[in-house]
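Open the model in your viewer and keep the selection panel at hand. The stops below go from one annotated residue to its surroundings.

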Amino acid sequence: MSADAMKRAAAARALEYVKPDMKLGLGTGSTAAHFVDLLGEKVKAGLKVVGVPTSEATRAQAESLGIPLTTLEETTALDMTVDGADEIGPDLTLIKGGGGALLREKIVAGASKQMVVIADETKWVKTLGKFALPIEVVPFGLGATTRAVEEAVGGKPCTLRKGKDGLAFVTDGGHFIIDAAMGEIIDPPALAARLNMIPGVVETGLFVGMAGVVVLAGADGVRVVE
Ligand code: 5RP
């Protein structure tokens, strides 16, 4: 089975958690896009739900599929968010932000009663940190913020994310992203707390205590970890 087929299989299983009239957070990335696609089919068939997209890309996809959307201003509490991840540790701590949407993803997941993560098995790791940790920062003071982040991560290489045009990648919120190649992250909550103390850091891609269910698809089928 291809990686893409695994992502779709995980997305299809997550659809079983969706009930009529739910208010849903809609994640970002290639796996979440499968979920939005499948949700769109259900909506066309008559399912009534409303969604809050975690990125402009997901908003465009959901709109094109006719999924009704709302905002966290209009709808301040959601039933469930379904989103992908870059790495998932055994305690369901996540690294997210590979697609650059970590801030909205965290706000939307934080406003949801439940976070369901969908992924292929390759995202499941014993220890987080092989995937460079995305850290969203404000453009002002970038040099000083980067230096402070480097100090906080013990001098590990921190790189400003670039877009296809070679310029700094800009998030939907108008921020930059520093990717910190950490190696093993032994204590994610402590690291998140340390990084969040740095002026200029908006948010990190460490999602601690947010995911309640992980749907993992592999060559042998789909398994659910809670
Ligand atoms: C975007 C994310 C994505 O969920 C994460 O990067 C996984 O993406 P994909 O499903 O394409 O592997 O956090 O900010």
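**Stop 1: the annotated residue**

Select E105, which an unreviewed UniProt entry lists under "active site". The model on screen is predicted. E105 sits in helix α4, residues 102-110. Is E105 buried or exposed? With 32 other C-beta atoms within 10 Å, against a threshold of 20 or more, E105 counts as buried.

Next, select what touches E105. Apart from neighbours within four places in sequence, its contacts are G27, T28, T54, D83 and K96.

**Stop 2: the ligand shell**

Now select the residues around the ligand. There are 18 of them, and the closest are G29, T31, G84, G98 and G99. Colour the shell by residue class: 10 are polar, four are nonpolar and four are charged. Helices α2 and α4 each contribute at least two residues to this shell. Which element gives the largest share? That is α2, with three residues.

**Stop 3: helix α2**

Select residues 30-44, helix α2.

Within α2, pick out the buried residues: T31, A32, A33, H34, F35, V36 and L39. T31 is also among the residues closest to the ligand. Show the partners of this buried set: α1 (3-14), β1 (23-26), α3 (56-64), β3 (78-83) and β6 (112-120).

Key
Residues numbered from 1 in each chain as written. Predicted model: local features only at pLDDT ≥ 70, side-chain atom pairs only at ≥ 80, totals over all residues. Helix = DSSP H or I, 4+ residues; strand = E, 2+ residues; numbered from the N terminus. Expected span 1.5 Å × (residues − 1). Buried ≥ 20, exposed ≤ 12 C-beta atoms within 10 Å, placed from the backbone. Contact = placed C-beta atoms within 7 Å. UniProt positions renumbered as here; feature names shortened; annotations may be inferred. Near = placed C-beta within 6 Å. Nonpolar A, V, L, I, M, F, W, Y, C, P; charged D, E, K, R; others polar.
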